[in-house]
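Here's a quick briefing to read alongside the model. Have the sequence and the 3D view open as you go.

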Amino acid sequence: MIFTSRMVYLTAVTLQEYEEAVAQALLRLGLVHFVDLRTVARLIAPEISEELSDKQSAGIQDFSTTARQRIETILTTGGLVPPPVRPDDVAAQTQLTPDEVNRVADKIMGRIEDVREQQRNIQQQINRLEDVQRHMPGVNTAAARELSTMGAGGTYLFVRSGTVPTDQLELLEQKLALFPAVLTVVGREEDSAFVVLVGMKRNQSDLGGLLDAAGFTAREIPAEATAETHETLEASLAKLKGKQGELAKSVVSLVADEQPKLEDAWRSMRVRELMGSIEGSFSETKRATVISGWLPASDRAAVTAALEAATENHIHLEWYEPDQLKHRPKVSKDGLEKDSRKRSRKRPGRVVMPAGLNAPSRLENPRFLKPFQILVTNYGIPAYGTLDPTPAVAIAYLVMFGLMFGDAGHGLVLVLAGLLGLWWTRVHIKPGVPLPKGLAGSIPTLSRLILWCGGASIVMGVMFGSYFGFGWLPPLWFNYHGVVAGHVEVGPVQSLFDVLRITVYFGVAVIGIGLVMNWINLVRQKRWFPLLFDKSGVLGGIIYGAGVVLAADFASTGFRSVPQNPFLLGVVGVASALLFLKAPLEGESKNVMWWVMEWVIELLEVFAGYLANTLSFMRVAGLGIAHVTLGIAFFQIAQMASPEGYNIAAILILILGNVLIILLEGLSAGIQALRLNYYEFFSKHFQPSGVEYHPISLDSTP
Amino acid sequence: MATAVSTYAFLNAKLRARMAKLLPRETITRMVHAHSLEEALHLLRNTSFASVLTAYEQTGDLLTAELEIQRLQQQDLFDVKRYAAQFTDSVVTEFLSILLSRFEISDIKNAIRLWFERAIRGRMVEDKLPYLVRSSFTGGATVESIVNASTPAELGAVLESTPYGAVLSSVLPSIKESGSLFSVEVALDRWYFQALQHGVLSLKKRDRKVAERMIGIEIDVVNVNWVTRMVEPGQEGSSGKPVLLSGGYMLDSSALTAATESGRGTQDLADFFQTRFGLPGLSGTAEDGYADNRTRSAALLESMLQQALLVESRRALAGNPFTIGIPLAYVALKQQETRTVTTVLNGKYYAASEADIGAFL
C-alpha cells in the first residue's frame, strides 16, 4: 500500500513436452505478467536470442476467441451471463475444440432460426390485420363509424356481407389469409354462414373473386356486424401477438435448456484463449521452451513449486531483481562487456530494459480505497518502486471536497445517492460479468466515490455547523455561514481572509507532502542528481519552505514591510545560487551564457511555479464561499417569498435551491479537488511512466 | 452581425458529440465476420441500434428490423433540424431543412413504387407495404393515400398539395404508357437538388464552397446512377440538352454529355475516371462481357463516389469547425452508417460471403 509491490523477473527453460503443463500451471496461478523474451534476450543473452523463435499460437487464440464470442451471443440471447472459469476447468480445456464448439453453436443457432422463421410468418399475419385495423377507428372512439358507412366511401376499406355455404367457409378463410382482411361469422343458418368481410379496397377485385368462387350471396350488413368485426379483429391480433410472445420466450427457454452445454463450451474456449495468450508469450528453441515474465516477489515460492511440479523438476529457473535489469553495460570496441569476468563474479550483467519491459507496477490497496486508486491510475501508472499515492490522494481529495462542500445535510444526500448507486450495481451487475460500456459501467466506482465525498461533507458540515444551510447545531470549528455573512467577531476564523489562509496552509501542506514523496522516490531510485537539482528536488524544496515562512512573515505585517529574517533569506539565496550548478553538471553545453540562461529560467520556474501552485489552493476557499453564498441567496429568496415564517412557496424554494446547490457545487467541488490533486500534487512527485501489472489469469476480462 | 462562431458553435458542438455514437469500424468488421444474421444483430446490443435487435427478437423479421433502422436514422436527423432551429440562424436552418427533405422524398418514392407495383403492374404489395416508414408528408399526403390511389390521376391529386406536386403532375400521366417510374424518380431528384443548390446560394461564401463540393459529389452519384440506367439524350423538351444534373464536383458536363450521347454510358464514365484520376481496372474489356462490366463499373463508380463523399466529410470534420461542413458531414456519415448496417444485415440474411459483403461496403 505504501510502495508498489516488489516484483521479480523470471526466466525459465524447460523441455517442450512440458509446455502445456507449464502453461496450465501458470494460468491457474494467474500471477505472471508475461514479457516478450526475444527483446529481452537480445540484451541479456544475445548469443541465444537468434536461436529463439516465437511460439505460433495466434491462430489458435483467434479461433477460440471467435468460438467463445459465438457462445456468448447465444447466452445473451437467453438472458444468461458467461460463467466464471474455475481452476479445475483448466485441465479440461482440451475436451472441446473450436470446431466442436462452432458445431454446437451452429446447431443451437439453427434451432433459433427455426423459431425466428415461425415468428416471421406470424408477423406477416399481424401486419396484414394491423393494416385493416389502421383504417377502422375503434368502436369507443370519437371517429367510430358503422361498417356500412365505412364501406360506402371515404375510407380505403372494402366491406361485404352475405352468406357463404358452410362447406366453403374454411377454404375461403384459408385463401383470405394472404390478404389484409377480416372475416367475421355473425350468424349461422341451415347450410350457410352469415359472414362480414372487411378488406382493403385496393384488393377488391381479388376479394370479390374469392367470394364469388365460394358461392357468396350478398345481404345487408347487420347492425351488430361493426362491433363483432372489431372483436374478431382484436381477438385475432391478440392471439397472434400472444403466439409471437410465446415464440420469443421459447428462444430464451431453448437457450436455458442448453445452458450446461453452453457454459462448458464457453469455459473451454476461454481457457484455450488464455492458454493461447500465455503460450504466445513463450519462445522456443529446437527442443526447449523459454518462459519469461514478472511476478510479485511474495509469490516466488508458489510459482517455483507449481513449475517444478508441472515439469517433474525438469525446469531451470533464473530470477532477477529489477535493479539487475536497469543499468547499461559498458561495452568495449569489440562489443564485449568490459570487465565481464569481474562483473559476473560479483554481480550479474546489468542491462537497460526497454520501457515496455520495465517491472510492472501493482498497486495493492484495501477495497475501500479502490475509488481513489482508480483516480490515480486514470492519471497514469506510478513507476515501479515509487510510492503509491492512493492513500495520500484519498485524504487530500476528501479534505478538499469537504472544505468546498461542507454541509452535513448535503453530505447526507450524497451518501444516499452513493448507496442508491451501490444498490443499482448489486441488482444490475452480476459478479464476474464485464461492466457495461458507457456511464452505466462507471456507476459502481462513482457510487463509492460519492459515498466517500458525502461522508467528508457530513464531517465538515458538522465542523462548520451547517445542515442544509441551517445552523441547527453549533459548529465544532467555525461558523462558515457567519464568516461569509460577516457576523463572526470571535474565534480563530472571523473573516474571508482567514478562510483563504486556511486553504493556503492546506495547499502548502499538500505541496510539502508531494515534495517529500518525490525525494523518497528519487532516493529509492538512487537518482541523486534530480533529487538535488529538480524543481521538486531538495534545493527547490528548501527554497519553497523558506519562502513560505518569509511570505507568512510578510503577510503578518499586512504586506507592509519586507521580511527581515537574514537566515532564511540567506538559505533562499544559497539554494538559488546552488541551482546554478545544474546546467554545468548536466553537461549539455559548455557555454557559460547557456548556463546562466538555464539558471535564470530555472529560478523563474521555481519561484513562479511554487507561487502559482500554492495560490491555486485558494480556489478551495472560493468554492466553499460560493457554496455558502448560494445557500444564503436561496434563504433570502425564500424570505422574500414568505416574510413571516416558511410557507409552501418558501419551502419549495429552499428544496429546489438545495437540489441546485448539491448538483452544481457537488460537481464543481469534485472536479476541482481532482484538478488540484492531478496538477498541484502529482506534478511534485508522480512519475507516470509505469506499466500496469497485468497477469494472465482466469479472472482476466475477455 | 452573426459570425461563423455564433452561427455554428452550438450546433456543431452538438453534432460532434453525436458522432461519438456512430458505430466504430471494428463493430462493422465483427458483424461482417459473424456466422449468422442473429449473431450480427447481437453485436448491435450495446449501441445506438439496440432497438433494432429488440425489434428482430420480438418479430423474427429482418424487414421489421430494417424499418427500425430507418426510423432511428430519421429520428436522429430530425434532431439535427431541431438543433438547427434552436441554435443557429434561419438561413442555415432553412438549408438543413431542404437537405433533410431527402428522407421525405425517399419515403414518397418508396410509396410511389409500391403504388406502381400494385396499380400499374397489378402485383400484390401486401408483404412490402407494412415496411414503409409511416410518416405524413408535407402537404398532408400519407403513405396510405399514395399506395391506395387507383389511377395516376388520383395519385397526382393526392400529391398535389406536396411541394413536389407540380413537377410530378407533368410526369405522372405518362408512366402507364412508359411502364417505368424512372421519369418520376428523375423529377423528384431534380426538384431536390435544384432546391438544394438554391439553398446553397443563400449561404455565406465559405460555407458555399464546402457545400458545393459535398453536394456536387452527391450529384455525381445521381448522374452515374442515371447514366447506368441508360438515360436517353434530349429528354428535356426539344432542346436536346441532357437530362443530367449540373453542379457535379468530380464529373464535368463534357464527360456527362459524352457518356449520354455515345450510348456507352458507364463505360465512358469509367474511362473518364481512369484518365482523370488514374484509377485502374474500372473499365470493361471485351465487348462480349460489356453488360457485366457495365454493371461492375457502375457499382465501382458509385462506391468510389461514396468514398469520395466520406473523404470530403472527414476533411470537413478536420477543418474549420465553424462551417456548414460539420452538419453536412454528419448527415453523410449517418447515412453511410445506416447503409452499411443494412447492407451487412442483408448480406448475412442471404448468406453472402464476407468478401461479397465487404465489396458492397
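How many residues does the contact take from chain A, and how many from chain B? It takes 31 residues from chain A and 26 residues from chain B. Keep in mind that this is a predicted model.

- Together the two chains bury about 2,400 Å², and carbon and sulfur atoms account for 49% of that.
- Three residues stand out on the chain A side: A:Arg120, A:Tyr156 and A:Arg202 supply 26% of the area that chain A buries against chain B, more than any other three residues.
- On the polar side of things, the interface has 15 residue pairs in polar contact, both residues being at pLDDT 80 or more.
- Three elements of chain A each give two or more residues to the side that touches chain B: helix H4 (58-77), helix H6 (98-134) and helix H10 (225-257).
- H6(A) brings the largest share of that side, with 14 residues.
- Sort the chain A side by residue type and you get eight nonpolar, 13 polar and ten charged residues.

**Salt bridges across the interface**

- Five salt bridges turn up between chain A and chain B.
- One of them joins B:Glu39 to A:Arg70, with the closest N and O atoms 2.7 Å apart.

**The four-stranded sheet in chain A**

- Chain A has an open sheet of four strands, in the order S5-S6-S4-S7, and the pairing is antiparallel.
- S5 and strand S7 (217-218) are the edge strands, since each pairs on one side only.
- Strand S5 (residues 181-188) and strand S6 (residues 192-200) of chain A run antiparallel and are joined by seven bridges.

**Aromatic pairs**

- Over all chains, the count comes to 31 aromatic pairs.
- Take A:Tyr379 and A:Tyr678 as an example: this pair is tilted, at 4.9 Å centre to centre and with 45 degrees between the planes.
- What does this pair link? It ties together distant parts of the chain, with A:Tyr379 in helix H14 (residues 370-379) of chain A and A:Tyr678 in helix H26 (residues 648-685) of chain A, 299 residues apart.

Notes. Residues numbered from 1 in each chain as written. Chains lettered and ligands numbered in written order. Predicted model: local features only at pLDDT ≥ 70, side-chain atom pairs only at ≥ 80, totals over all residues. Heavy atoms only, no water. Contact = heavy atoms within 4.5 Å. Buried area = accessible area lost by both parts, 1.4 Å probe. Salt bridge = Lys/Arg side-chain N within 4 Å of Asp/Glu carboxyl O. Polar contact = N/O pair within 3.5 Å; in protein donor to acceptor, adjacent residues only side chain to side chain. Nonpolar A, V, L, I, M, F, W, Y, C, P; charged D, E, K, R; others polar. Pairing = 2+ DSSP bridges. Phe/Tyr/Trp six-rings, centres within 6.5 Å; stacked < 30°, edge-to-face > 60°.
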